Amino acid sequence: MDDDALRAAIAGHLWFHTIELRPGVVTPGRKTPEIMAVEEELFLGPLPLAGMSVLDIGAWNGGFTIAALRRGAARVLATDSYTWDHPHFRGRETFDLACAAAGVAPEARRLDPMDLPAELEPFDLVLFLGVFYHLRNPVPVMDALGRLARHACIVETHQDALEEVRPAMVFYPWAELAGDATNWWGPNPPLMTALLLQAGFTRIRYRAHPINGPARGIYAAFKPEAPDALLAGYGEGWAVLA
Ligand SMILES: C[S@@+](CC[C@H](N)C(=O)[O-])C[C@H]1O[C@@H](n2cnc3c(N)ncnc32)[C@H](O)[C@@H]1O
């Protein structure tokens with residue numbers, strides 16, 4: 001497909017991720033280029049990705065799947081269900097288009113995060129970005145992250161109850177959060193910390209989202225068997241929660 005044909009194909013879809021597929025050919029994502037660049041650096045930049053296996057849960061258009069492969073990950077499995085199946089978003093088509101145009105070949109499986117199969121093998125790194133608060137019952141999924149992450153997990157989430165020191169989360173029964181009825185929960189950092197510890201992670205680094213503030217939290221969580229070198233990039237700006 002030449003660049004003009006690719007631009008025409010891109011124009012026929014809805015995009016959440018801004019992705020430069022080829023020089024000068026960029027998807028018009030709701031996440032701006034600035035947000036994508038900042039998030040990619042925070043989610044992936046501190047880690048030595050070369051040779052790692054990565055599971056990207058809730059990959060949607062594949063922006064972070066493609067970024068992980070471009071940064072040297074040996075293998076990425078991208079999973080999603082809601083936006084991939086949705087007739088309005090047609091997310092799987094966008095994922096396939098983006099990966100093909102970018103010249104990367106991740107694995108992809110249609111999996112609801114609530115139904116991650118018991119036989120799914122562990123990955124060095126699990127990405128759980130922007131998904132927690134979309135799940136009506138997210139706690140068992142956090143336990144699954146502990147099983148699926150061999151070394152590390154990056155969790156990014158909407159947050160609420162920030163003034164509460166006890167582990168807590170706010171329930172949004174309707175569409176109170178951003179007018180979106182798929183937003184169910186606003187956890188606070190003590191709750192996310194407790195869930196990550198109970199899932200088997202022992203070292204946790206945290207920072208508020210640099211653009212959206214503490215209403216979005218970013219957690220880097222590590223298993224006991226993760227080499228210390230994996231944490232070397234979490235210096236300035238990252239708080240030690242555990
Ligand atoms: C805000 S997007 C995050 C996309 C990407 N991981 C990122 O951080 O940019 C939310 C993701 O959660 C998934 N999702 C939303 N609602 C869901 C639901 N009720 N059940 C399962 N997955 C859901 C969507 O398919 C989508 O991929």
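1. Let's start with what surrounds the ligand in this predicted model. Residues are numbered from 1 along each chain as its sequence is written. Local features need pLDDT of at least 70 and side-chain atom pairs count only at pLDDT 80 or more, while totals for chains, interfaces and linings use all residues; side-chain values use heavy atoms, with hydrogens and water left out.

2. Now the side chains facing ligand oxygens. An N or O atom in the side chain of D80 is 2.4 Å from an oxygen atom of the ligand; for H17 the distance is 2.7 Å, and for T83 it is 2.9 Å. The protein covers 91% of the 580 Å² of accessible area that the ligand has on its own (Shrake-Rupley method, 1.4 Å probe).

3. Where does the ligand sit? The space it takes is the largest pocket, with more than half of its atoms within 2 Å of the pocket's grid points. A pocket is an open set of points on a 1 Å grid over the protein atoms alone, where a 1.4 Å probe fits, with protein on both sides within 12 Å along at least five of seven lines; lining residues have an atom within 4 Å of a point.

4. The lining of this largest pocket has 36 residues, and F16, W60, G130, Y133 and H134 lie nearest its centre. By class, the lining has 17 nonpolar, ten polar and nine charged residues.

How values were computed:
Ala, Val, Leu, Ile, Met, Phe, Trp, Tyr, Cys and Pro count as nonpolar, Asp, Glu, Lys and Arg as charged, and the others, Gly among them, as polar. A polar contact is a pair of N or O atoms within 3.5 Å; within protein, one must be able to donate a hydrogen and the other to accept it, and residues adjacent in sequence count only if both atoms are side-chain atoms.
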